[in-house]
Amino acid sequence: MARFSATSTPLISRLQTRTGKKKFGPGPGSIVDIAGRKLKLSPVVDTLFLWMTERHAIHQRRLAGQPWPWTDDPIFRQHAFTNVFRVYDRVTQFIICNVIGKGDQDLHETCFRVILFRCFNRISTWELLLDHFGELTWRDFDLAAYEAVLYEEYRQNNKLYGASYILPAPELGGTSLEGTKANYANHLRLLKVMMESDLPGQLGQLSELSDAWERISLYPSMGEFLSFQLLLDLNMIPSLSYPEDWAVCGPGATSCLTKIFGSEVNGVYGEALAWLHDSQDLHFARLGISHERRPRIGSTHELSLVDFEHSLCECDVYSRKAHPDIKGRRLHIAGKRNFSANRPPPPSAVLPIGWLPADAAIRARAHAKRAALPPVDPLDPDPSWILSHIVKQAPSSNGKILYLVRYEGYGPEDDLWLSEADLKDAPELLTQWQDFLERINESITACRVG
């Protein structure tokens, strides 16, 4: 059993001293080429990989039942940090076990429950609704009844929302029983709009995380990062399970990337995130972190892009203490609580169905369409490819609408922007897309006038 002293130097300092000079691979002071830019690595690049290693080790020690303290690092002892793997965080574990795992497993019903929970992101609010309505289902959803329950709770306690990942309340005409604008009423209407426009059905037809994110981003008040966070929760539903090979960099991640690469990384955050992900083996090896000590889920040693984005956000906070002279993009971080050994309950490590090695076939479903590229006759002077779906639309320079389209058997890297005239041979594709947008707009209008 590991023993930890009462006083010690920060983990980063101790491990840097132990590992000494780097043996191979880019480290602090190295110049790397990312998206055509020459960027100099700071010491925070080491801190990131050391932070991930120690934070996951703390989780494993707690799972094993070891007593406090679980680390020598004074920063970890003083401040609470989320896990390397978002799936192990306390609220996410609740979603897996109690929101997704309990109730009707129909895709529409599981999506309804996940969106409802994340609208408020508070376990006590979920339990309040359960106490009043029993099973929470879309088929029995009564907007007025839900509003009445939440109004009374808000009036008495003013505690409906959790502390993180709060979805902004859209302007959908939601008011309290007193007639004033109410966030909870607008959130319930956002949920209603998503369900009435058949967002779950749309998600069930897609195979890429980025495509699903584009669909969620179409809804009012759903910004880039919070759409991504909601998607990660929905992605734990077994019938979805998109591969986590894509990520949106939130404010914390971009701040930490600035600390690692300098201000010149601005505008190429996604490429910098991918560089860290693709070079992770070199960094763990360079720092003397063995495969046995590397953070992992099951038997895999490779962290996903999602894991890196999540860890960068927390490492940004850690680096404020470990590297106070290295500045990022965030000057102030509100709400970061101090850690208390007596405060958190024992952790759990339940994985969503489909995430275990034995369920690999479920996760492989998302890439089944890309197993082989569509055959093309090499003698055909005008070969054609089959369109799969429209990813998104945007106005062109001449004011007309362009559509980003996906081809059957190909991934996002091969998407093309086409005009409406270019889609004349696939009118049903354009009709399906426009019908979906119209359903969203009709539901929004009904909420605002109703």
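H283 lies in helix α14, residues 280-286, where helices (H or I, at least four residues) and strands (E, at least two) are DSSP runs numbered from the N terminus. This is a predicted model, in which local features need pLDDT of at least 70, side-chain atom pairs count only at pLDDT 80 or more, and totals for chains, interfaces and linings use all residues. Residues are numbered from 1 along each chain as its sequence is written, and side-chain values use heavy atoms, with hydrogens and water left out.

**Overall picture**

- The protein has 17 helices and five strands.
- Of its 450 residues, 49% are buried; buried means under 20% relative accessible area, exposed over 50%, and partly exposed in between, with a 1.4 Å probe and protein chains only.
- Taking contacts (heavy atoms within 4.5 Å) between residues at least 6 apart in sequence, 68% join residues at least 24 apart.

**Around H283**

- H283 counts as buried because its relative accessibility is 0%.
- Leaving out residues up to four places away in sequence, H283 touches P26, V45, F49 and W275.

**Helices α4 and α6**

- The axes of α4 (residues 90-100) and α6 (residues 123-133) come within 11 Å and cross at roughly 20 degrees. That makes α4 roughly parallel to α6.
- For these values, axes are lines fitted to C-alpha atoms, for helices over the stretch in contact, and angles run from 0 to 180 degrees between N-to-C directions. Angles under 35 degrees count as roughly parallel, over 145 as roughly antiparallel, 65 to 115 as roughly perpendicular and the rest as oblique.
- The crossing of α4 past α6 is left-handed, a term for a near helix turned anticlockwise from the far one by less than a right angle, with right-handed used if clockwise.
- On the α4 side the contact is made by R90, F94, N98 and V99, and on the α6 side by I123, W126 and E127.
- By class, the residues of this α4 and α6 contact are four nonpolar, one polar and two charged. Here Ala, Val, Leu, Ile, Met, Phe, Trp, Tyr, Cys and Pro count as nonpolar, Asp, Glu, Lys and Arg as charged, and the others, Gly among them, as polar.
- Within α4, the buried residues are T92, Q93, F94, I95, I96, V99 and I100. They pack against α5 (107-120), α6 and α11 (224-234).

**Helices α6 and α7**

- α6 also packs with α7 (residues 143-157), at an angle of about 125 degrees and with the axes 11 Å apart. The two helices are therefore oblique to each other.
- Their crossing is right-handed.
- From α6, T125, L128, L129, H132 and F133 meet A145, Y146, V149, L150 and E153 of α7.
- This contact of α6 with α7 holds seven nonpolar, two polar and one charged residues.

**The sheet**

- Three strands form an open sheet in the order β3-β4-β5, with antiparallel pairing; two strands pair if DSSP finds at least two bridges between them.
- β3 and β5 stand at the edges with a single partner strand each, so one side of each is left without a neighbour in the sheet.
- From one strand to the next, the twist averages 40 degrees.
- Five of the seven residues of β4 (residues 401-407) are buried, so β4 is largely enclosed by the rest of the structure.

- β3 (residues 387-395) and β4 pair in the antiparallel sense over seven bridges.
- Along this pair, Q393 stands opposite Y403, and I390 has V405 as its bridge partner.
- β3 and β4 form a hairpin with five residues between them, and G399 in the turn has a positive phi of about 90 degrees.
- On to β5 (residues 416-419), four bridges join this strand to β4, and the two run antiparallel. There V405 stands opposite L416.

- Helix α17 (residues 427-449) lies across β3 and β4, running at about 55 degrees to β3.
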